[in-house]
Each structure stands twice: as structure tokens, then as C-alpha cells.
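Below is a colleague's note for someone meeting this structure for the first time. Please read the numbered points with the sequence and the model side by side.

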Amino acid sequence: MNNRPVNKRKEDELDLSQLFKEILSKWYYFLITGVLLALLTLVYVYVKLPVYQATSSVLVDDSKTSDNFEDFLTSDLFGTNTSVMTEIGKITSKTVIQHTIEKLGLRVEYYNTSVFPIRPIYPYPPFLVSVNKINQFIQDQEFYVTVIDKNHIKVESSYDDDDLPEYDYSKVISLGETISLKKDTLNYFNLTIRPSDTIPLPEAGSTFTFIVRNVNKLSNDIYDNLAAEPFDQDANIILMNYEDVIPVRSIDVLNTIGEVYIDLDVESKATVAALTLKFVEDQLAFTGDRSEEHTSELQSPCNLVCRLLLEKK
């Protein structure tokens, strides 16, 4: 009876020395696993593009800042003036972002496919694409470009989704030509490909791709990578951060967003000032007309009295 608990305790005990010997006997498994993990890490670091963050700040002209009850009413629960929050809404609005896209020419994205991994090109692509017209379902589709010589390229594109009839397009063109595809009344695309103003075409055989982005989707992508917040609750400063795989583009986007925001604000204030001035001029003209009417009304009885006096004499 007393031997049963002892035997059960021996069965529950773990022989660590034996386990360690068994692990050492399979040492090559651990070595192979470690080497594979190290290789996968190196491949990931090489293929994965690093993400850069640019930071900028904008000073908000807040004319309502004061230590009175009105300032309390125009602030949130955390003490941040709502005018700053309003300006943050403006600076991250779709209007500002779309003006930034247009100003920087971000709608067309260029990629160098001659290297591995594929790298985006900004701000100096080897050719420039002007969008004359493009179907909404062709937007965000890849166009493949192969350099033939210093003046000619081959452009290829295909489509096999369900929204449009499928097509395969391939044509050798000179730089400066317009490529277009139309079937019956359906326009697929109409694009002009011009030589770059900064760099010549690379050697023959080099390959590139370009994508004409959907403006709304691109605006959403930029908005997702953009962060704007008050610098602190006492300062009228907006702190902005933008993340991008191309450091130059992240800086350009932030700077252009600030420029567009300021330009639109100045334009809005100028419009309001012009409308106010026009209203004042209209009111002054109306007041002048009314004054002349009253003056003539006052002069009419005087003329009548003068005539009566002359007749009496």
C-alpha cells in the first residue's frame, strides 16, 4: 500500500539530464533553423522598402485667442481651441490633398522594373505621362514600357476584368506621341508620353511601369499616411507628419500641403473681402440714391411755396 505513492511520484519526475542529451543529439536541426531564419530576415530587409517620416508645422493665425469666457466657449474639454481643430480639418481635407496631387503631379506613378526589388521613381522619371482621358476601370492598372532607343519606347497594356471588354495593347511610339484605345463608343485611355525635361532615356532594354491612379483612392492613401494634431493645448501650431517610402516625396507632400492650405486660405479671405467691399459699395450707392430722392422731395415743397409767394406779389 505504501509503495504506490512512491512509484507514482517517480513516474511524474522529469529527467532533465536525459532531455538535455536528446536535445544536443539534434543540434543540427537548431542550426539549420537559425540559418534559415537569418536568411529570411536578410531577404525581407532587402526587399522591403523602408518607410520615412517627414515632420512639419503650421502656425495658425487665431484672432480669437483671449483669456475670457468666449475663449472657454470656443474650446474643447481638453482646452484646445476649436479654431485649431477646424484648421486641422481644413489642412487634411480632400480639397487640399487633391490640389497637392495636382501640383506635384502625383497622379501618375512611375516604377523601375529593371532592378530588383522594383523601385518607385520620384521626382525625375525617364518620361512624362499626361492624362488626356482614361476610363475609371483602367485607372490603377499597370502600363509596361520598354526602351527601344533614345527616342522610341514600346508601351503595353492589357485588361481582363469583368467591368469592361478585355483588350491587349502593344505599340512602339516616339516620345511625344499620344497613345489611345477606343472600341466603338467606349474610350479606354488617351495618354501623351513626353520626354523628360531632366534626364534622357536609359539604355535600350530598360523596363518601367507607370500607373494612372484614381484620384479619390490616391487621396485616401495620402490621408491615411498623413497625421495632423495640435502641438500643445496652448499654442496655435499644427504639427504634421507624413510617411512615404521615398523621403524626398514625403518632404514635398508636407511642404506642398502647407503651401496649398495657405494659398486657399488667402484666396478665401480675398474672396470674402471682395464680396464685403462690393456689398459696402452697393449699400453706399443705394444710400446715395435714397439721399437724392429725399433731397428732391424736400426741394419740391420749397419750390411750390416760392411760386405762390411770387404770384401773390
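**Notes on the core, the strands and the charged pairs**

1. Ile138 touches Phe143, Tyr159, Leu164, Tyr167, Tyr188 and Phe189, when residues up to four places away in sequence are not counted (contact means heavy atoms within 4.5 Å). The model is a predicted one, in which local features need pLDDT of at least 70 and side-chain atom pairs count only at pLDDT 80 or more, while totals for chains, interfaces and linings use all residues. Residues are numbered from 1 along each chain as its sequence is written, and side-chain values use heavy atoms, with hydrogens and water left out.

2. Ile138 also belongs to the largest nonpolar core, which has 29 residues and in which Phe127, Ile138, Phe189, Ile193 and Phe210 have the most contacts. A nonpolar core is here a set of buried Ala, Val, Leu, Ile, Met, Phe, Trp, Tyr and Cys residues joined through side-chain atoms within 4.5 Å, where buried means under 20% relative accessible area, exposed over 50%, and partly exposed in between, with a 1.4 Å probe and protein chains only. At least two residues of this core come from each of β2 (108-112), β4, β5, β6 (152-159), β7 (167-174), β8 (178-183), β9 (186-195) and β10; strands (E, at least two residues) and helices (H or I, at least four) are DSSP runs, numbered from the N terminus. Another core, of 23 residues, lies apart from it, and includes Ile101, Tyr122, Ile238 and Tyr242.

3. How many aromatic pairs does the structure hold? There are 11 aromatic pairs, a pair being two rings of Phe, Tyr or Trp (its six-membered ring) whose centres lie within 6.5 Å, with planes under 30 degrees apart called stacked, over 60 edge-to-face and the rest tilted. Phe127 and Phe210 make an edge-to-face pair, with 6.2 Å from centre to centre and 75 degrees between the planes. This pair links distant parts of the chain, since Phe127 is in strand β4 and Phe210 in strand β10, 83 residues apart, and both Phe127 and Phe210 are buried.

4. Tyr169 and Phe189 are likewise paired edge-to-face, at 5.3 Å centre to centre and with 90 degrees between the planes. Tyr169 lies in strand β7 and Phe189 in strand β9, so this pair ties together parts that are 20 residues apart in sequence; Tyr169 and Phe189 are both buried. One aromatic cluster takes in Tyr110, Phe127, Phe143, Tyr159, Tyr167, Tyr169, Tyr188, Phe189, Phe208 and Phe210.

5. β5 and β6 run antiparallel and are joined by 4 bridges (two strands pair if DSSP finds at least two bridges between them), with Val155 in β6 as the bridge partner of Val145. The hairpin that joins β5 to β6 passes through 4 residues. β6 and β7 also run antiparallel, over 8 bridges, and Ser157 stands opposite Tyr169 in β7.

6. An open sheet is formed by 3 strands in the order β4-β9-β8, with antiparallel pairing. β4 and β8 stand at its edges with a single partner strand each, so one side of each is left without a neighbour in the sheet. Between β8 and β9 the antiparallel pairing extends over 6 bridges, and the bridge partner of Leu181 in β9 is Phe189.

7. Which residues are linked in a network of salt bridges? The network consists of Glu109, Asp140, Arg213, Lys217 and Asp221, and the count for the structure comes to 8 salt bridges, each being a side-chain nitrogen of Lys or Arg within 4 Å of a carboxyl oxygen of Asp or Glu. Arg213 and Asp140 meet at 2.7 Å, N to O. Arg213 is buried, with a relative accessible area of 12%, whereas Asp140 is partly exposed at 26%.

8. Two further salt bridges deserve a look. Glu87 and Lys90 meet at 3.3 Å, N to O, and both lie in helix α5 (residues 82-91), 3 residues apart, about one turn of the helix. Glu87 is buried, at 12% relative accessible area, and Lys90 is partly exposed, at 40%. Glu156 forms a salt bridge with Lys154, with the closest N and O atoms 3.9 Å apart; Glu156 is partly exposed at 29%, and Lys154 is partly exposed at 28%.
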